[in-house]
Amino acid sequence: MSLARDALSSDTRSISELTAATGYASEKAFSTTFRRVVGASPRHFRDKARQQAEAG
């Protein structure tokens, strides 16, 4: 999940690409696990990272 967080923060991969790269069979399974570990959905995490990058 650390690599997924980094990729979402730097906007280098889509959620679909991260799903495959991390070995999950579905985006739903990846998203559920990401949310449990990180505390936010992958989409929300990426959107927040983009906002922070634009602000600072």
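The legends below describe close-up views of a predicted model.

**View 1. The buried side of helix α1.** Helix α1 spans residues 2–10, and Ala 4, Ala 7 and Leu 8 are buried in it. These residues lie on the same side of α1, because they cover an arc of only 95° around the axis. An α-helix has 3.6 residues a turn, so residues three or four places apart point the same way. The partners of the buried α1 residues are α2 (15–21), α3 (27–38) and α4 (42–55). After α1 comes Asp 11, which has a positive phi, near 60°.

**View 2. The largest nonpolar core.** Eight residues make up this core: Ala 4, Ala 7, Leu 8, Ile 15, Leu 18, Phe 30, Phe 34 and Phe 45. At least two residues of the core come from each of α1, α2 and α3. The most are given by α1, which contributes three residues.

**View 3. The crossing of α1 and α3.** The two helix axes come within 11 Å and cross at roughly 95°. The helices α1 and α3 are therefore roughly perpendicular. On the α1 side the contact involves Ala 4, Arg 5 and Leu 8, and on the α3 side Phe 30, Phe 34 and Val 38. Sorted by class, the residues of this contact are five nonpolar, no polar and one charged.

**View 4. Surroundings of Ile 15.** Ile 15 is one of the residues of the largest nonpolar core. With neighbours within four places in sequence left aside, Ile 15 is in contact with Leu 8, Glu 27, Phe 30, Pro 42, Arg 43 and Arg 46.

**View 5. Thr 19 in helix α2.** Thr 19 is located in helix α2. Its relative accessibility is 5%, so Thr 19 counts as buried. Not counting residues up to four places away in sequence, Thr 19 touches Tyr 24, Ser 26, Glu 27 and Phe 30.

**View 6. Thr 33 in helix α3.** Helix α3 contains Thr 33. Thr 33 counts as buried because its relative accessibility is 15%, and the cut-off for buried is under 20%. Met 1 and Thr 33 are 32 residues apart in sequence, while their C-alpha atoms are 8.5 Å apart in space.

Key:
Residues numbered from 1 in each chain as written. Predicted model: local features only at pLDDT ≥ 70, side-chain atom pairs only at ≥ 80, totals over all residues. Heavy atoms only, no water. Buried < 20%, exposed > 50% of the residue type's maximum accessible area, 1.4 Å probe, protein only. Helix = DSSP H or I, 4+ residues; strand = E, 2+ residues; numbered from the N terminus. Arc of directions from axis to C-beta. Contact = heavy atoms within 4.5 Å. Core = buried A, V, L, I, M, F, W, Y, C linked by side-chain atoms within 4.5 Å. Axes fitted to C-alpha atoms, helices over the stretch in contact; angles between N-to-C directions. Parallel < 35°, antiparallel > 145°, perpendicular 65-115°, else oblique. Nonpolar A, V, L, I, M, F, W, Y, C, P; charged D, E, K, R; others polar.
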